[in-house]
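Have the sequence and the 3D view open as you read along.

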Amino acid sequence: MFWAGNGPNIDNSYVTGTVTGAGESVGGLVGSIGQVALIKKSYATCTVTGGPNKVGGLVGNLEQATIMESYASGSVKGQARVG
């Protein structure tokens, strides 16, 4: 895969534990990415709880980023747009 972005890079990063948020865009590793970015070789092994929507194990809201060789595990809870 070729990536030609010019935004921030997140590489070889991880999070464990519990992440809780009351608003939109709650993620285990990143809440929201709204620009061209790269997440690579990163993971989240945590419980993520948020609301009302855009709640994710690795990223809550992803618009233009590329994710490579990364994963999330654990429980994810929200009201809508949960993944």
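## A salt bridge and its surroundings

Glu24 forms a salt bridge with Lys54, and the closest N and O atoms of the pair are 3.9 Å apart. Please keep in mind as you look at this pair that the model is predicted. The two partners come from distant parts of the chain, 30 residues apart. Glu24 sits in the loop between E2 and strand E3 (26-27), while Lys54 belongs to strand E7 (residues 53-56). How many salt bridges does the count come to? By the rule used here, the count is 1 salt bridge.

Are the two partners buried or exposed? Glu24 has a relative accessible area of 43%, so it is partly exposed. Lys54 has a relative accessibility of 18%, so it counts as buried; the cut-off for buried is under 20%. The table puts the two side by side.

| Residue | Relative accessible area | Class |
|---|---|---|
| Glu24 | 43% | partly exposed |
| Lys54 | 18% | buried |

As background, side chains of opposite charge can pair when their charged atoms come close.

Now for the fold around this pair. Along the principal axes, the C-alpha trace spans about 35 × 20 × 15 Å.Of the contacts with a separation of 6 or more, 75% are accounted for by residues 24 or more positions apart.

Next comes the interior. Buried residues make up 35% of the 83 residues. In soluble globular proteins, nonpolar side chains tend to be buried together. Here the largest nonpolar core has 14 residues, and those with the most contacts inside it are Ile33, Cys46 and Val48. Strand E2 (14-20), strand E4 (30-33) and strand E6 (43-49) each give two or more residues to this core. Which element provides the largest share? That is E6, with 3 residues.

Leaving aside neighbours within four places in sequence, Cys46 is in contact with Val15, Thr16, Gly17, Thr18, Val19, Gly28, Ser73, Gly74 and Ser75.

How values were computed: Residues numbered from 1 in each chain as written. Predicted model: local features only at pLDDT ≥ 70, side-chain atom pairs only at ≥ 80, totals over all residues. Heavy atoms only, no water. Core = buried A, V, L, I, M, F, W, Y, C linked by side-chain atoms within 4.5 Å. Buried < 20%, exposed > 50% of the residue type's maximum accessible area, 1.4 Å probe, protein only. Helix = DSSP H or I, 4+ residues; strand = E, 2+ residues; numbered from the N terminus. Contact = heavy atoms within 4.5 Å. Salt bridge = Lys/Arg side-chain N within 4 Å of Asp/Glu carboxyl O.
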